Amino acid sequence: MKIYSVVRSFITLFLFLFLSVSAFAQGGKIIRNQGVYYTIEPTYGVGFISKTNHATETSDLSPLNIGLRASYNQFINYKTSVGASFGYMRYEDPGMTTFPLLANVKWYYRKSAHSPFFYSEGGYSVRFSNKTQFKGWVYELGVGYRFRMKKRNNFLFVKLGYSAFKTNEWVWDLRRGDYDPLDPYKWHYIKRQSINITLGYYKSSR
């Protein structure tokens, strides 16, 4: 009888400790994939393919890009977050400036602070001046890793991804064949493809 009581007490204590640890983890001490988070993301990219329907020889181009982006994000479960970002991007050779407005989805492998993740983002790059800036569709796919900093709810992350930006109004010249005196010029597109590396700061509400 005494042994039975000891065993029952031990089981009760074990269940209490197990439930307490589970509640502690669910309370946000271990699980980090909850609530809202914000990011600031400096980006550097190396272009590897440019395509255009203009006579320009794209193999002579060696494009680089550099940019800065800020985002707002919300976890919809312990694995997935959705968000939106706005930023600045500068491309070189040929020189182009644009302002990407993007939606994103991230999938985290782990719930803990240190976790790899996959991401996808896409949207439209807008311009505020048609003389110095370019507009068009942009998207990026890649992988990343999140690191916790010493201060609570502060993280760093790194991303590596494939990015593509296409503008349908790059350069224009006189139309041939379908010449129209009321609309004598034709626009040519350019598609920039690059490998981007991003090192960012991540601030979480939990």
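The model is predicted. Its largest pocket holds about 160 Å³ of space, and a search of the whole structure finds three cavities of 30 Å³ or more. A cis peptide bond joins Asp-93 and Pro-94.

**Largest pocket**

- Rolling a probe the size of a water molecule over the atoms shows where empty space is left.
- The space in the largest pocket comes to about 160 Å³.
- Two elements, β6 (136-148) and β7 (154-174), each give two or more residues to the lining of this pocket.
- The most is given by β7, with six residues.
- The lining includes Ala-164, Phe-165, Lys-166, Thr-167, Asn-168 and Glu-169, along with Gly-136, Trp-137 and Tyr-139.
- Tyr-124, Lys-135 and Lys-191 also line the largest pocket.
- By residue class, the pocket lining divides into five nonpolar, three polar and four charged residues.

**Largest cavity**

- The volume of the largest cavity is about 80 Å³.
- Two or more residues of its lining come from each of β3 (80-92), β4 (96-108), β5 (115-126) and β6.
- There are 13 lining residues, and those nearest the centre of the cavity are Arg-69, Met-89, Val-138, Glu-140 and Ser-163.
- The cavity lining divides into six nonpolar, four polar and three charged residues.

**Loop between β3 and β4**

- Asp-93 is in the loop between β3 and β4, and Pro-94 is also found in the loop between these strands.
- Most residues other than glycine have a negative phi, and most peptide bonds are trans.
- Asp-93 is not a glycine, yet its phi is positive, at about 55°.
- The peptide bond joining Asp-93 and Pro-94 is cis, with omega about 0°.
- Asp-93 counts as partly exposed because its relative accessibility is 33%, a value between the cut-offs of 20% for buried and 50% for exposed.

**Ser-125**

- Ser-125 is part of strand β5.
- Ser-125 has a relative accessibility of 2% and therefore counts as buried, the cut-off being under 20%.
- Leaving aside neighbours within four places in sequence, Ser-125 is in contact with Thr-98, Phe-99, Pro-100, Phe-134, Lys-135, Gly-136, Val-138 and Phe-165.
- Among these contacts of Ser-125, Lys-135, Gly-136 and Phe-165 also line the largest pocket.
- Val-138, another contact of Ser-125, is one of the residues nearest the centre of the largest cavity.

Notes: Residues are numbered from 1 along each chain as its sequence is written. This is a predicted model: local features need pLDDT of at least 70, side-chain atom pairs count only at pLDDT 80 or more; totals for chains, interfaces and linings use all residues. Side-chain values use heavy atoms; hydrogens and water are left out. On a 1 Å grid over the protein atoms alone, a cavity is a set of points where a 1.4 Å probe fits but cannot get out, and a pocket is an open set with protein on both sides within 12 Å along at least five of seven lines; lining residues have an atom within 4 Å of a point. Grid points are joined across faces, edges and corners, and a volume is the space filled by probe spheres set on the points. Helices (H or I, at least four residues) and strands (E, at least two) are DSSP runs, numbered from the N terminus. Ala, Val, Leu, Ile, Met, Phe, Trp, Tyr, Cys and Pro count as nonpolar, Asp, Glu, Lys and Arg as charged, and the others, Gly among them, as polar. Buried means under 20% relative accessible area, exposed over 50%, partly exposed in between (1.4 Å probe, protein chains only). Contact means heavy atoms within 4.5 Å.
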